[in-house]
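The sequence and the model come next.

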Amino acid sequence: MATTGLPESISSDLARVTESLQMLAPRWNTWVLMSLSEKPLRYGELKRTLPWLHDGQLHPRLVRLTGAGLLERTEYDTQDVLYSLSVRGRELLPVLGVIAAWGGKHLEKETVLDPATGQRVPKALPRAQDIEDTIALIGPRQATPILWTLRIRGLSTPKALAFTAMPDRHLTTVYPPLNRLVEDYLVARDEQGRFELTAAGRELAPVYQALSAWAAGRPLAAAAEHPVWAPKPAQSPDRPAVWATTQPRVPAPAPKTTALGTWQRNALFSHTPAARAGTPTTGGRTR
């Protein structure tokens, strides 16, 4: 975790949240966790649930998630291994639900024709994809420290942001992560070159509140009392959608039909992967 100029209690909280994001950030980690959200699965069952992941991709993720304390591994013999969510892994599921809700609201999606109404509507993506893409926005180094600093300071100059969010680095190093956050519509720049959170950036509050509570082992019921992300008066509306730039919004390949059945409609992990999203139409970055 990078050094910050924030108060010690906030810096410690920020460090735990950043570590949690880094744990979840590698691609497909969220899909593995969601696949185990309903019941434990043997390796072969899990592999059939995520058929686009080969052994060389799936097994290392299982090893890392087990080492991180999110999964438990029960070995009956060398060819019969059962994976399940640990207590900490199960406690993470409500947090993933909060992240999915933000992504479902703010991440741009391709529109499709609704046969019932004849209107074009956003094409549904699996919630695991919304989670993964949201984490891709806020997970890169310095993104979360900058967002927290803007939440505390409000409208700020680059110099003030660099001094608080990354005081151990040269001033110019604040611009790449800051510009990326602007391009993703989490941060806005005014005519004087100052920066502030957009509506989408401010609405990350529940995400950071939930992550903070989980990382500290606190109940989510008290998450809204977070000293940085507690509710604030509403501000003027701005651009409603953002675009994941760290990795494209490319959903998983369609899984083959298996004897495992499909996910329930209201499950965190949707059973119908969506097609690749098209070029953004409201200002998001293209690939």
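Which residue lies over the face of Trp 214? Arg 88 does, at 4.0 Å from the ring centre; a charge sits over a ring if NZ of Lys or CZ of Arg is within 6 Å of the ring centre and within 35 degrees of the ring normal.

## Basis of the model

This is a predicted model, in which local features need pLDDT of at least 70 and side-chain atom pairs count only at pLDDT 80 or more, while totals for chains, interfaces and linings use all residues. Residues are numbered from 1 along each chain as its sequence is written, and side-chain values use heavy atoms, with hydrogens and water left out.

## The chain overall

The protein chain has 11 helices and 7 strands. Helices (H or I, at least four residues) and strands (E, at least two) are DSSP runs, numbered from the N terminus. Of the 287 residues, 46% are buried, that is, under 20% relative accessible area with a 1.4 Å probe, protein chains only.

## Helix 5 and helix 11

Helix 5 (residues 87-106) packs with helix 11 at an angle of about 170°, and the axes are 9 Å apart. Axes are lines fitted to C-alpha atoms, for helices over the stretch in contact, and angles run from 0 to 180 degrees between N-to-C directions. Helix 5 is therefore roughly antiparallel to helix 11, a term for angles over 145 degrees.

## Aromatic pairs

There are 6 aromatic pairs in the structure. Rings of Phe, Tyr and Trp (its six-membered ring) pair if their centres lie within 6.5 Å, and planes over 60 degrees apart count as edge-to-face. Trp 28 and Trp 31 form an edge-to-face pair, 5.8 Å centre to centre with 65° between the planes. Both are buried, and ring pairs link Trp 28, Trp 31 and Trp 52 into a cluster.

Trp 148 and Trp 229 also pair edge-to-face, at 6.4 Å and 75°. Trp 148 is in helix 7 (residues 143-153) and Trp 229 in the segment after helix 11 (205-216), 81 residues apart.

## Two loop residues

Gln 142, in the loop between helix 6 (127-138) and helix 7, has a positive phi near 80°. Tyr 185 has a phi near 65° and is in the loop between helix 9 (175-183) and strand 6 (187-189).

How values were computed. Phe/Tyr/Trp six-rings, centres within 6.5 Å; stacked < 30°, edge-to-face > 60°. Buried < 20%, exposed > 50% of the residue type's maximum accessible area, 1.4 Å probe, protein only. Parallel < 35°, antiparallel > 145°, perpendicular 65-115°, else oblique.
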